Amino acid sequence: MRPILMKGHERPLTFLKYNREGDLLFSCAKDHNPTVWFADNGERLGTYRGHNGAVWCCDVSRDSMRLITGSADQTAKLWNVQSGTHLFTFNFESPARSVDFSVGDKLAVITTDPFMGHTSAIHVKRIARDPADQTSESVHILKKPQGRINRAVWGPLNETIISAGEDSIIRIWDSETGKLLIESDIEIGHKKAITSLVKSSDGSHFLTGSHDKSAKLWDIRTLTLIKTYLTERPVNAVTMSPLLDHVVLGGGQDASAVTTTDHRAGKFEAKFYDKILQEEIGGVKGHFGPINALAFNPDGKSFSSGGEDGYVRLHHFDPDYFHIKI
Amino acid sequence: MASMVDPTVEALAANLGIDYLDIDVNSVQLPPGEDIGIPSDDEDLYQEDDLELDTGFGNIIIVDNLPVVPREKFEKLEGVIRKIYSQIGIIKENGLWMPVDPETQKTLGYCFIEYNTVQEAELAKEKTNAYKLDRSHIFAVSMFEDFDRFMKVPDQWAPPETKPYTPGENLQHWLTDEKARDQFVIRAGSDTEVFWNDARQLKPEPVYRRPFWTESFVQWSPLGTYLATVHRQGAQLWGGASTFNRLMRYAHPQVKLIDFSPAEKYLVTYSSHEPSNPRDPQRVVINIFDARMGKLMRDFKGNADDFTVGGSGGVTGVSWPIFRWGGGKDDKYFARMGKNVISVYETETFSLVDKKSLKVENVVDFSWSPTDPILSLYVPELGGGNQPARVSLVQIPGKEELRQKNLFSVSDCKMYWQSNGDYLAVKVDRYTKTKKSTYTGFELFRIKERDIPIEVLELDNKNDKIIAFAWEPKGHRFAVIHGDNPRPDISFYSMKSGNNTVRVSKLTTLKGKQANALFWSPGGKYIILAGLKNFNGQLEFYNVDELETMATAEHFMATDVEWDPTGRYVATVVTSVHHEMENGFNIWSFNGKLLYRILKDHFFQFSWRPRPPSFLSLEKEEEIAKNLKKYSKKYEAEDQDVSLQLSEQDREKRKMLKDEWDKWVSRWRQLHEEEKLEREKLRDGEVSDEEEEYEAKEVEVEELLDVSEEVLTDD
């Protein structure tokens with residue numbers, strides 16, 4: 001498995017997202033330009049220019065027509081995927097940290113950071129079919145959790161919103177009423193900030209990664225803790241194979257400590273775990289900075305990782321990967 | 001309540017005219033010291049009380065055997081005594097009292113002296129006891145407090161009561177482990193834990209755990225019987241058949257370092273105290289205890305300077321152990337180096353051998369043979385090279401020199417004994433002719449041969465720096481890491497040559513290794529060539545019999561390598577002393593297979609429990625080695641059972657996890673199916689739920705990006 005190195009960003013990567021067909025890969029970085037790549041050969045297709053700050057997150061609609069991005073310039077923007085034209089800007093009073101389209105792509109959940117006296121918030125926006133009809137009006141604004149909300153995603157049938165962030169607690173909200181439904185138990189939950197959250201391909205369960213050097217698998221409806229994966233490093237990014245029972249954890253020590261240690265000490269590896277047995281299967285090395293973003297191609301035959309080093313590494317699996325036995 | 005009261009108490013209360021029921025029992029205070037026959041169960045508290053009672057008269061001494069003088073001479077005698085005793089400390093005002101017989105008006109031949117402090121009194125007793133005032137008057141000085149005790153001694157000797165024998169625990173019970181496992185102790189955070197190394201199960205099995213067991217470190221005794229912990233008040237020894245109980249305490253305030261004698265008969269403790277005046281030297285106290293009885297056998301007190309020797313002068317601080325034990329496994333002798341002397345003590349009397357130290361001008365280093373009472377010592381060059389440097393071997397207790405070797409233009413010497421005491425290697429750094437650089441050679445002594453022949457060994461490239469040297473335990477080979485470049489060479493030598501002539505011969509040289517430390521297996525034959533710290537923890541497992549590498553591995557940032565006492569397993573450790581990350585240890589098989597790995601934050605110490613030497617004779621061992629197949633059959637079967645059992649357990653666990661997971665998945669699938677219609681509605685009737693069901697169509701899209709017209713002028 002020879003990785004394809006995609007060098008298009010000048011700053012650390014923050015997020016990676018495949019479209020539904022798995023032919024496009026969208027990458028966000030601390031430079032201001034989200035980029036789209038051919039997921040097969042890693043060729044760059046284009047960039048979305050217009051943000052004026054680090055771009056933290058993105059999501060692409062099911063039909064691969066719309067892209068939404070959240071940025072530290074206190075905006076979230078809608079884009080035409082094909083032409084790269086900018087369609088609409090949602091303005092906020094603090095940086096937008098995460099974005100997620102609902103089932104049907106008619107709603108989007110956007111989280112904003114605590115900033116200059118504003119607390120963190122979860123905004124629900126209606127997404128119009130025709131960009132001309134788009135308004136910036138919020139359907140709901142949820143303000144309760146303390147500290148940064150690093151990720152908020154839609155639950156099954158858009159009935160709930162799942163949020164996780166710096167306070168290490170996972171919360172499930174009613175998306176209609178804005179009421180808090182379930183909170184993760186402090187005893188069994190993460191002990192430190194949750195950095196990442198990813199849903200399974202069918203949306204039935206999700207995986208969270210945390211600075212407490214673990215990742216946990218939860219049932220999306222009941223918030224039951226199903227599995228825990230232990231590693232030796234803070235986890236910055238997680239993803240799940242849609243094909244096999246594998247989960248991938250990425251991370252490394254704090255970016256501030258990177259320069260003082262050998263790259264092997266940092267363990268900037270994407271680590272594969274057996275989803276059911278919770279045992280480590282293997283690792284993919286290569287980054288020389290912590291891994292900030294991970295994404296699996298929806299076909300399960302390749303995955304990509306984005307690092308603090310500014311590279312996106314695209315890995316197509318060797319045939320023997322599909323026959324790993326432990 | 002009344003029903004609960006002892007009738008005798010009730011009667012007593014009635015006798016005294018007290019209405020028992022009116023009394024609040026909690027308000028009753030017993031006179032101090034009264035316990036109504038109920039001993040306190042708080043032992044420590046009790047002891048402290050005891051100590052307090054002791055103070056009061058500690059600063060008074062009694063001087064006996066003074067001359068008996070009439071009244072006229074009283075003043076003169078008092079003057080003499082005052083003169084003697086005021087030199088030692090300040091005598092309190094009216095602190096000297098010499099009683100006089102009222103009838104004869106003569107003194108009674110003794111006096112009391114009261115000092116300001118207890119320390120002064122103790123010092124006075126120490127210094128003037130047995131002081132000879134004249135031929136017939138030898139002072140007998142004792143502490144006033146002791147007097148009480150002396151008076152209580154009955155005049156008639158009563159035979160001591162023989163206590164019934166209570167068998168102690170078998171302190172070596174761990175050696176009888178059925179699976180023949182070894183133990184180790186680790187310290188991480190505030191916890192100290194002892195484990196079995198269960199290599200078959202690929203995990204450690206806990207034996208004993210105790211938070212805050214020690215205040216600085218723990219140390220096994222050399223034969224593994226005890227585990228020593230170090231505390232502010234002193235050291236403690238722990239041991240037992242199945243767990244760790246406190247066996248003995250050794251009071252030594254502020255103890256910093258401890259050391260056992262090789263046969264663990266004695267425990268040496270060391271402390272140094274910052275002086276109140278920074279210009280004064282540090283005070284050093286060394287106590288030697290009998291380990292089993294807990295009795296203080298001898299103490300040494302003095303300035304740190306008296307104990308700081310060794311090196312070529314510039315080294316400060318003490319080199320531990322100060323007292324080095326010699327004479328093999330009998331704990332017969334111990335020695336320390338002083339200025340121009342080596343003081344050898346014997347443990348029978350705890351005094352100097354022949355009552356005097358061994359005089360060696362300018363000695364800077366010495367070491368004992370590990371098995372015989374032979375000292376090797378090194379004296380550097382004197383008088384700018386006029387008197388050569390010298391290494392000599394001295395026999396104790398006879399103190400006769402067995403062998404001596406003069407060495408010229410030497411900059412430094414280091415002595416390495418082979419573990420059986422068969423050989424002594426002296427690494428000699430010599431100046432080159434220009435005196436600008438040094439080169440290294442070895443002087444090899446064959447101790448057990450007649451006249452102790454010496455052989456000189458120089459490396460192929462004699463300018464190579466020596467990075468490490470190590471004898472094969474119980475063997476005849478040694479390994480040297482040498483070279484100046486970042487990837488030094490490693491050479492192996494044997495003290496025997498192929499054709500049975502007695503000559504040192506080179507076995508092989510491994511070129512360009514990332515190694516800076518050598519770790520022989522305790523059984524010899526195998527060695528780990530380790531690149532610790534700066535070399536990032538490279539490990540090479542090497543078989544010296546076959547001269548081949550068995551495995552190479554890495555334990556990133558490893559700071560220590562420690563073989564288990566049997567040489568079957570080896571631990572590599574990352575302690576937080578050097579590196580805050582990756583803390584923990586790996587356990588490997590002797591041939592470099594990683595067995596298991598434990599990570600612990602704030603990991604401070606790893607130490608295998610030593611084993612006493614085998615009782616088998618060399619012949620017997622050889623015989624077992626020859627018939628190993630016969631013996632190993634039984635164990636192989638056991639191994640197989642364990643691995644079967646393991647895989648069985650594993651299979652069951654996996655099956656359980658798999659079933660559990662399948663339950664979740666089927667539940668999710670069902671819910672997903674139920675919500676299908678809803679989802680379709682949300683997607684405006686788009687039916688396709690299945691992610692794979694899309695068709696790839698090649699669509700060519702032409703897009704006009706830009707149209708520009710340019711007029712090209714043709715000139």
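A salt bridge is a side-chain nitrogen of Lys or Arg within 4 Å of a carboxyl oxygen of Asp or Glu. One such pair is B:Arg667 and A:Asp219, whose side chains meet at 3.8 Å, N to O. The structure is a predicted model, in which local features need pLDDT of at least 70 and side-chain atom pairs count only at pLDDT 80 or more, while totals for chains, interfaces and linings use all residues. Residues are numbered from 1 along each chain as its sequence is written, chains are lettered from A in the order in which they are written, and side-chain values use heavy atoms, with hydrogens and water left out.

Between chain B and chain A there are four salt bridges. In contact (heavy atoms within 4.5 Å) are 30 residues of chain B and 35 residues of chain A. The area buried between the two chains, meaning the accessible area (1.4 Å probe) that they lose on being put together, summed over both, is about 3,100 Å², and carbon and sulfur atoms give 53% of this.

Another salt bridge is formed by A:Arg221 and B:Glu675, with the closest N and O atoms 3.0 Å apart. A:Arg221 lies in the loop between β20 and β21 of chain A and B:Glu675 in the loop between α8 and α9 of chain B, so this pair joins two chains. Helices (H or I, at least four residues) and strands (E, at least two) are DSSP runs, numbered from the N terminus. Buried means under 20% relative accessible area, exposed over 50%, and partly exposed in between (1.4 Å probe, protein chains only). By this rule A:Arg221 is partly exposed at 22%, whereas B:Glu675 is buried at 12%.

Other salt bridges lie within chain B. B:Arg503 and B:Glu455 form one, their closest N and O atoms being 3.7 Å apart. This pair links distant parts of the chain, 48 residues apart: B:Arg503 is in the loop between β33 and β34, and B:Glu455 is in strand β30. B:Arg503 is partly exposed at 47%, and B:Glu455 is buried at 9%.

Strand β25 of chain B covers residues 389-395; five of its seven residues are buried, so the strand is largely enclosed by the rest of the structure. Two strands pair if DSSP finds at least two bridges between them. Six bridges join β24(B) to β25(B), and these strands run antiparallel. Seven bridges join β25(B) to β26(B), also antiparallel. B:Arg390 stands opposite B:Val379 on one side and opposite B:Asn406 in β26(B).
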